[in-house]
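Please bring up the sequence and the 3D model side by side. We will walk through them together, one region at a time.

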Amino acid sequence: MWIELPVPWIIALNVITLPVLQIGCAYAFTRLPDRWFDSPVPSRPPAKPTMPVFLRKWKRLLPDGASWFAGGFRKRSLASRDAGYLRRFISETRRGEACHWVALGLCAIPFLWNPWWGCGVISLYALAANLPCILLQRINRARLLGLLSQGGQASRADAKSARS
């Protein structure tokens, strides 16, 4: 702890700072240029990933932060199988993953005023709030690449499973 504060102040700062960091990061990433997240589509899609059981049960509860802001891209469900839309969705999974990695790192800021045990709690929060989202972005990206490699046309089951 670099900054000595009374425990009620530490709690108040944590309750304010952590959501502000997460939401601020989501807002900032919706403003970054799309081209930063574009990447050539591989000629061969990756192997179809398996969704872990815990994520399959909880994925509907994960928020889609980008959709909270004007200009954000909704990733809750697949709206089209058009190749251009799928490419955009794939780029947005890269944006979402990068945002969660940065948010995970930013959660170290409260370490400045927290005791060692508070840093442990914040670390657990940061991992629980970001790693499932990172994993879901990667799984969805692999599924979307599979849809794109099929010319944007896929079975309803594949399209439904690509929803986040």
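What follows is a short tour of a helix pair, a few cysteines and some individual residues.

Keep in mind as you look that this is a predicted model.

Let us begin with two helices, α1 (residues 7-31) and α4 (residues 116-149). How do they sit against each other? Two packed helices are described by the angle between their axes and the distance between the axes. For α1 and α4 the angle is about 30°, and the axes lie 12 Å apart. Angles under 35 degrees count as roughly parallel, so α1 and α4 are roughly parallel to each other. If you look at the way α1 passes α4, you will find a right-handed crossing.

Now zoom in on the residues where these helices touch. From α1 come N14, L18 and Q22, and they meet I122, Y125, A129 and N130 of α4. Sorted by class, this contact holds four nonpolar and three polar residues, with no charged ones.

Next, turn to helix α3 (residues 83-106), where you will find V102. With a relative accessible area of 37%, V102 is partly exposed. Beyond residues up to four places away in sequence, V102 touches C25 and F29. V102 and F29 are 73 residues apart in sequence, yet their C-alpha atoms are 9.7 Å apart in space.

What about the cysteines? Searching the whole structure turns up zero disulfides. Take C99 as an example: its closest cysteine sulfur is that of C25, at 3.7 Å. A disulfide needs the two sulfur atoms within 2.5 Å, so the sulfurs of C99 and C25 are too far apart for a bond. C99 is buried at 8% relative accessibility. C119 is buried as well, with a relative accessible area of 15%.

Is G151 buried or exposed? Its relative accessible area is 51%, so G151 is exposed. From G151 to R81 the separation is 70 residues in sequence and 8.6 Å in space, C-alpha to C-alpha.

Technical notes: Residues are numbered from 1 along each chain as its sequence is written. This is a predicted model: local features need pLDDT of at least 70, side-chain atom pairs count only at pLDDT 80 or more; totals for chains, interfaces and linings use all residues. Side-chain values use heavy atoms; hydrogens and water are left out. Axes are lines fitted to C-alpha atoms, for helices over the stretch in contact, and angles run from 0 to 180 degrees between N-to-C directions. Helices (H or I, at least four residues) and strands (E, at least two) are DSSP runs, numbered from the N terminus. Angles under 35 degrees count as roughly parallel, over 145 as roughly antiparallel, 65 to 115 as roughly perpendicular and the rest as oblique. A crossing is left-handed if the near helix is turned anticlockwise from the far one by less than a right angle, and right-handed if clockwise. Contact means heavy atoms within 4.5 Å. Ala, Val, Leu, Ile, Met, Phe, Trp, Tyr, Cys and Pro count as nonpolar, Asp, Glu, Lys and Arg as charged, and the others, Gly among them, as polar. Buried means under 20% relative accessible area, exposed over 50%, partly exposed in between (1.4 Å probe, protein chains only).
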